[in-house]
Amino acid sequence: MATLIKNIKSLVNIREEHLLLRGNALSQLHNINDAYVLVEDGIIAAYGEMKKLPHEIKNMPDHIIDASGQFILPTWCDSHTHLVFAGSRENEFIDKIKGLTYAEIAEKGGGILNSARKLNDTSEDQLFIDAWKRLEELSRLGTGAVEIKSGYGLTIASELKMLRVIKKLKEKSAIKIKSTFLGAHTFPTIFKENHQGYINEIINEMLPVIAQEKLADYIDVFCESGFFSAEEMEQICNAGLQYGLKPKLHINQLNSIGGIQSAIKMNALSVDHLETMTDQDIQDLSRSTTIGTLLPTAAFFLRMPYQPARKLIDANCAIAIASDFNPGSTPSGNMNFVVSLSCIQMKMLPEEAINAATTNGAFAMEVEKELGSISIGKKANFIFTKPIPSLAYLPYSFGTNLIDKVMINGQFLN
Ligand code: NIG
Ligand code: FE
C-alpha cells in the first residue's frame, strides 16, 4: 500500500548517512520545506520538494494526505525508561517537598525498594495492562521507539516477571522496544550486608534464564555511592557480556565514582544520567564510542543540577536525551517536555535537542538503521505537528501539546 503525504510545511531531519552525531554535527538538522514523502508498506520510499514531485508518484498512491501548515518529524527514540512498574510514589514526592533528599528517602525504605515491594504484589497480567496503557500514551506523544528496563523486581521471580512483561510488550506493540536487565538497581534488604551474595544471584541464577529465554538485549547497573561500586558493576557486566548483553548503564547521577572509566573500558553502548561529571569524565567520554544519555527530567523532578550538555557537546561527546520514565525520579515519559527542558535548562539548541532525541536516541538503542531520521528504507514513524510558525516553536512552547497525529509503520494511531 502506498501513501503520499504532500504539502508538508517542513520535513525535518533528513539523512541518508547513518552517523552518530558529535560536537558541531549535533546542530546540523537537514529539513526540506514544502515537501512530500511517499510511504510504501510502512517504509519511507521517497521524499523531496513538492515542486519536484514526480508524475508517477503523483498518480500512484492509494492514499493522499494533505499536511499543509504541518511539520513532520521522525518520532522520538526514548532510549532510557523504566515504564514497567507497579503503583506510584507520590508520598515520596510530598516527602521531597518537605525537604527529604533522594538518599534519605531510600534509607527510609522508600525509593526503589518501595517500588519493588509493590511490584512483587502485582501480577504479570496487571503489570502488562498498566505498561500497555503507558506505552499507548507515550506513542500518542510522539514516541516511536523505547527502551524499557527491569530493576523493580530484585528477586529472581520478580525480575523475570518484569522481563516477560517487556517481552510481551515487544511482541504486541507496533512501537520498537528494546529490553534491558537491571537486576543491579539496588541491593535487596536481605543482601544489604552481603553484596556479593546478591551479585552471585544475578550472575548465577538470573542471567542464565534471561539468556535462555532471550529476555534482554542489554544489561544495566546503578553505579552510585550506596548502590553498586564500579568494581561490582564490572563484575556484573562482564557476566552479562558472556551472554551477549551489552552494558547500558546508570552512571554519575549523584557522584562520580569511576563508573565512566569502567563503562568505557567495557565498551558500554551508553552511560546515562551524568548529572555529576568531572572534567576527566568528560574528556574520557569524548574519546570513546560510548554515548552519553542525558535525562534532564530526572534532574528537574529531583531538583538537582542539570547535566552539563554544553560542556559535553563542546568536548565532542556523542549525546542523546531520554525520559527516564519511572515512578521515583521521573513520573513522566513525555519526550516533548524532555526536548523543551534540554533547550531551556541545558542550553541545547532546538536542532541539537531534536537530533539528540531522534538520531542519537536511535543509536543509543541500536535502532539507527530503521528509525531516528527521515531516510529511504527507514520505518514511516512520523510526528505531524499542529500548524506552528517554526521548528523552534516546538521546544519554546513547553507544556503545550503541539502534536496533531502520529504515524507508526505507515499507520495513524487512533
Ligand atoms: O534512573 N537512578 C536510578 N534509577 C532510577 C530511579 C529509580 C527510582 O527512584 O525508582 C533513575 O532515576
Ligand atoms: Fe533510569
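The following legends describe close-up views of a predicted model. Residues are numbered from 1 along each chain as its sequence is written, with chains lettered from A and ligands numbered from 1 in the order in which they are written. Because the model is predicted, local features need pLDDT of at least 70 and side-chain atom pairs count only at pLDDT 80 or more, whereas totals for chains, interfaces and linings use all residues; side-chain values use heavy atoms, with hydrogens and water left out.

View 1. Domain 1 comprises 2-74 + 373-412 and domain 2 comprises 76-363, the bounds coming from an automatic or database domain assignment. Taken over C-alpha atoms, the centres of domain 1 and domain 2 are 30 Å apart. Domain 1 brings 28 residues to the contact and domain 2 brings 36 residues, contact meaning heavy atoms within 4.5 Å. About 2,400 Å² is buried between domain 1 and domain 2, with 66% of it on carbon and sulfur atoms. Buried area is here the accessible area (1.4 Å probe) that two parts lose on being put together, summed over both. Leu 20, Arg 22 and Leu 26 supply 27% of the area that domain 1 buries against domain 2, more than any other three residues.

**View 2. Polar pairs and the domain 1 side of the interface.** Between domain 1 and domain 2 the count of salt bridges is zero; a salt bridge is a side-chain nitrogen of Lys or Arg within 4 Å of a carboxyl oxygen of Asp or Glu. Across the interface of domain 1 and domain 2 there are, however, 13 residue pairs in polar contact, both residues at pLDDT 80 or more. A polar contact is a pair of N or O atoms within 3.5 Å; within protein, one must be able to donate a hydrogen and the other to accept it, and residues adjacent in sequence count only if both atoms are side-chain atoms. On the side of domain 1 that touches domain 2, strand E5 (71-74), helix H16 (393-396) and strand E15 (403-408) are the elements that give two or more residues. E15 gives the most, with three residues. Helices (H or I, at least four residues) and strands (E, at least two) are DSSP runs, numbered from the N terminus. The residues of this side of domain 1 divide into 17 nonpolar, nine polar and two charged, where Ala, Val, Leu, Ile, Met, Phe, Trp, Tyr, Cys and Pro count as nonpolar, Asp, Glu, Lys and Arg as charged, and the others, Gly among them, as polar.

**View 3. Two loop residues with positive phi.** Leu 274, a residue other than glycine, has a positive phi near 65 degrees. Leu 274 is placed in the loop between strand E11 (270-273) and helix H10 (279-286), and is buried with a relative accessible area of 0%. Asn 409 also has a positive phi, near 50 degrees, and lies in the loop between E15 and strand E16 (411-412). Asn 409 is partly exposed at 24% relative accessibility. Buried means under 20% relative accessible area, exposed over 50%, and partly exposed in between (1.4 Å probe, protein chains only).

**View 4. Helices H14 and H10 and their buried residues.** Helix H14 (residues 350-357) is largely enclosed by the rest of the structure, because seven of its eight residues are buried. These are Pro 350, Glu 352, Ala 353, Ile 354, Asn 355, Ala 356 and Ala 357. In H10 the buried residues are Asp 281, Ile 282, Asp 284, Leu 285 and Ser 286. Their cover includes helix H9 (259-265), E11, strand E12 (291-294) and helix H12 (309-314).

View 5. The structure holds 17 salt bridges. In one of them, the closest N and O atoms of Asp 217 and Lys 170 are 2.8 Å apart. Asp 217 is in the loop between helix H7 (195-212) and strand E9 (218-223), and Lys 170, 47 residues apart from it, is in helix H6 (residues 156-172). Asp 217 is partly exposed at 24% relative accessibility, and Lys 170 is partly exposed at 28%. Lys 265 and Glu 234 meet in a salt bridge at 3.1 Å, N to O, which joins helix H9 to helix H8 (residues 230-242) across 31 residues. Lys 265 is exposed, with a relative accessible area of 59%, whereas Glu 234 is buried, at 17%.
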